[in-house]
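Subject: Structure for you to look at

Dear colleague,

I am handing over the structure below, and my notes on it follow. Please read them with the model open beside you.

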Amino acid sequence: MCSKQTNAETLKESIVELIIKHLKSGEKLPSEKEMMQAFNVSRTSLREVLSAYEANGILESRQGSGYYVQTPNISKQILNTWSILLHATPNLFLDLLDIRRILEIHSLPRAIERIRTEQLQNLSQQVEAMKAKARQGEAFVAEDRQFHRILFESTNNIFLEQLLTTFWDLFEQFEVYKQHDNLIEVAGQHEEILKAFAKQDLALLDELFQEQFNDSRYQVMKSLLNL
């Protein structure tokens, strides 16, 4: 038993070394036959390890081509787990919103430092779309999501991007705050955030984000009463 466990761990370590090497190079892994020969293991043992890493998202199996290393998307894994939890305990949406508040506000200094002119222009387009929809009494969830995505993609933080994607997916899935009492006011909030970014006024941004999250928390609490 001890020998089998040792062999299994050794195989995992060897696969991890391959993954690290090929993640940097962008090349696909050696063929199954080559790995079986290199590690002196059976196809069954090899596929067991490869399947585990494929399930984690770090490997992708392409039929007729082989295994490729990729940056895993943790948002999909979290979404599948958290959606079950939130169905059982909807009040956890408030905790989810608090996590998003912490992540976004903490990331503001880096975002304001790195945001580019073309991103500010894209943000302006989203704001104009929000204002147009608000005047028609139409919700603008997609534009709101895109606005925040553009803001924080400038941080070049892949974990932040994937986590925020998860949060938006969950809120949209459950339609927690699809409608707001004052859409024009919300569009105006985003316009003020855009202006503060353009001026690189971090103190004002912090204040505006706190106000927006307080408002979002109120809307979530109202929505939870109807779930």
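How many residues does helix H7 have, and what distance does helix H7 reach from its first C-alpha to its last? Helix H7 (residues 141–153) has 13 residues and reaches 18 Å between those two atoms, close to the 18 Å expected at 1.5 Å a residue, where the expected span is 1.5 Å times one less than the number of residues. Helices here are DSSP runs of H or I with at least four residues, numbered from the N terminus.

Before going further, please note that this is a predicted model, in which local features need pLDDT of at least 70 and side-chain atom pairs count only at pLDDT 80 or more, while totals for chains, interfaces and linings use all residues. Residues are numbered from 1 along each chain as its sequence is written, and side-chain values use heavy atoms, with hydrogens and water left out.

Several residues of H7 are buried (under 20% relative accessible area, with exposed over 50% and partly exposed in between, for a 1.4 Å probe and protein chains only), including Glu143, Phe147, Leu151 and Phe152. The buried residues of H7 pack against helices H5, H6, H8, H9 and H10. Glu143 counts as buried because its relative accessible area is 12%, and, leaving out residues up to four places away in sequence, Glu143 touches Gln126, Ala129, Met130 and Lys133, a contact being heavy atoms within 4.5 Å.

The largest nonpolar core has 39 residues, and Leu151, Phe152 and Phe197 are among those with the most contacts inside it; such a core is a set of buried Ala, Val, Leu, Ile, Met, Phe, Trp, Tyr and Cys residues joined through side-chain atoms within 4.5 Å. The largest share of this core, 8 residues, comes from H5. Beyond its neighbours within four places in sequence, Phe197 is in contact with residues including Leu108, Leu120, Leu151 and Phe209.

As for charged pairs, the count comes to 15 salt bridges, each being a side-chain nitrogen of Lys or Arg within 4 Å of a carboxyl oxygen of Asp or Glu. Lys131 forms one with Glu128, the closest N and O atoms being 3.5 Å apart, and both residues lie in helix H6, 3 residues apart, about one turn of the helix. Glu191 also forms a salt bridge with Lys131, with the closest N and O atoms 3.1 Å apart. This second pair links distant parts of the chain, with Glu191 in helix H9 and Lys131 in helix H6, 60 residues apart.

With best wishes
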